[in-house]
Amino acid sequence: MSRTLYDLIGLAAGVAFILALKGLSHPKTARRGNLIGAFGATLATVVVFFFVAGPKTGVAHALPLNHLGWILGAMAVGLAVGVPAARKVEMTQMPQLVALFNGVGGGAAALVAIVEYLHLGSGATKAEVIFTVFTVIVGCVSFSGSIITFMKLQELMTTRPVIFPAGRFIIAATLVSVIGVGGWVVAALGTTPLLILAGLSLLFGVLFVLPVGGADVPIVISLLNAFTGLTVAASGYVLDSVLLIIAGTLVGASGTILTRLMAEAMGRSLFGTLFGAFTAKPQDTSGTAEERPVRSGSPDDVAILLNYARRVVIVPGFGLAVAQAQHTVRELADLMISKGIDVAYGIHPVAGRMPGHMNVLLAEANVPYDQLEEMDEINPTFSQTDVAIVIGANDVVNPAAENTPGCPIYGMPILKVANAANVIFLKRSMRPGFAGIENELLYDPKTMLLFGDAKASLTKVVTALKAL
Amino acid sequence: MEPIAIISIFVLAVFVGFEVVSKVSSTLHTPLMSGANAIHGVILVGAIIVADHSETNLELGLAVAAIVLATINMVGGFVVTDRMLEMFKGKKK
């Protein structure tokens, strides 16, 4: 295959990626967009076997590629791991899988750069060395940072911001060291400094993500995703691949915009998300919460309240998904509708663990799309709502976001369930939400708490409501 | 390739990347992030290229690891994105 044909096919794959992102931005074309992207990626991968490409300093040889067995074997292993993981993952755990996929992508980019660095001889230009070093740094940060976000989302470690004394000085010192060692690696080619650089970059990734907590985690995943894109673009420069430059830059640019959009959807400044935690003081989380009185009710109390309501808004959260209570919720909603009650779902943009996550979960349970209302539509209606049922959600209805400056979610738009005449919380316990903040609404006199597993509680409420 | 050509491609791709996602509802944030995530799995192409020209066992070993990781990123990314979007199928009015 000629170089020209190879590059043209690469360009076609690049165009496919543009169409993929374009398609993914609209609900109707989203699925097709993803398939176009997969097509482009497949095309790019197949074609690389038919042309001995780069590096610029390398010596071309005849087809087939060297180490073909190893290459195909490694791809088979990747398929055997990636496909079942993507197919079998519970939709509730999907955000951490995306984080993990992003991390391994960053890791792959860093490894490619390391091999390239080992390979670059004295013939390499300064620019090639600089881009290689950039890829090693950012790829490693993306890898270790994504692993930490994965652990936070999987609850393998605390979901709260981890802030330690002098944390920001340690982070700043690490960053300065990374840049310094990076300069050293550029100036003097050597394996040892490169490994030190990789180690420091991995450390920086961990330190960078540790102070981020709660609802800000998805923003960081999106940012690391954009980072990985940039490393791919830099690899494209070194490996002389137009396709990698286009694909990487597209992801870097769109990822940056997406990160900003997500931050806006949560009412967070990007800067505050990334650096706010550096300056935050550790919160006093012990509190006296457990000792304060709350009004807890029985399923019958809830059913009676619902029976005499004219309008009910259901606010689903991650707890609903964990309890797999989507179908029971739908049963309850249908029952209320049959009794002439006006029912709507209030969906917070970041309900669940990621923007749009809750829509995916409810769609899975076949909840009619027209009953789902976005935050801006539903908020003005709470004052005419008799009962708001909050199921396994907490942070997204926490008034602290509006009235407690300095708390980690301050400024995040919330569903104003406090304006409803009655609020029912279905909760497993008094444990605070993902962001780890106490919710004053739980102690409000108009709030009733129904403790227990969301699915079991809802089933009891349905039974009680049927009996009325 | 000429540096100016590379810079041109880069700058234009930045603008295209900004443009295509500038208006997207929050419902699609997660699938879009996941789809973009899968796209950067094309680093697989880079991993295959460096595997081809690796000369030592160390280089080959690292390149093979990169291929495994990149394949997981790319294939897993597209499959999980498709699963997410499948949920929306036919739900639109």
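**Buried residues of helix α7 in chain A.** This predicted model buries A:L194, A:L197, A:A198, A:L200, A:S201 and A:L202 within α7(A). Further along the helix, A:F204, A:G205, A:L207, A:F208 and A:V209 are buried too. In an α-helix, 3.6 residues make a turn, so residues three or four places apart point the same way.

Helix α7 of chain A covers residues 191-209, 19 residues in total.

Chain A has 17 helices and six strands. Its C-alpha atoms fill a box of roughly 80 × 50 × 35 Å along the principal axes. Of the 468 residues in chain A, 53% are buried. Among chain A contacts with a separation of 6 or more, 78% join residues 24 or more positions apart.

**Chain B where it touches chain A.** The contact draws 99 residues from chain A and 76 from chain B. On the chain B side, the elements giving two or more residues are α1 (3-20), α2 (29-39), α3 (43-52) and α4 (57-86). Helix α4(B) supplies the largest share, 27 residues. By class, this side of chain B has 47 nonpolar, 19 polar and ten charged residues.

Definitions and conventions:
Residues are numbered from 1 along each chain as its sequence is written. Chains are lettered from A and ligands numbered from 1 in the order in which they are written. This is a predicted model: local features need pLDDT of at least 70, side-chain atom pairs count only at pLDDT 80 or more; totals for chains, interfaces and linings use all residues. Helices (H or I, at least four residues) and strands (E, at least two) are DSSP runs, numbered from the N terminus. A residue is buried if 20 or more other C-beta atoms lie within 10 Å of its own, exposed if 12 or fewer, and partly exposed in between; C-beta atoms are placed from the backbone. Two residues are in contact if their C-beta atoms, placed from the backbone, lie within 7 Å. Ala, Val, Leu, Ile, Met, Phe, Trp, Tyr, Cys and Pro count as nonpolar, Asp, Glu, Lys and Arg as charged, and the others, Gly among them, as polar. The expected span of a helix is 1.5 Å times one less than its number of residues.
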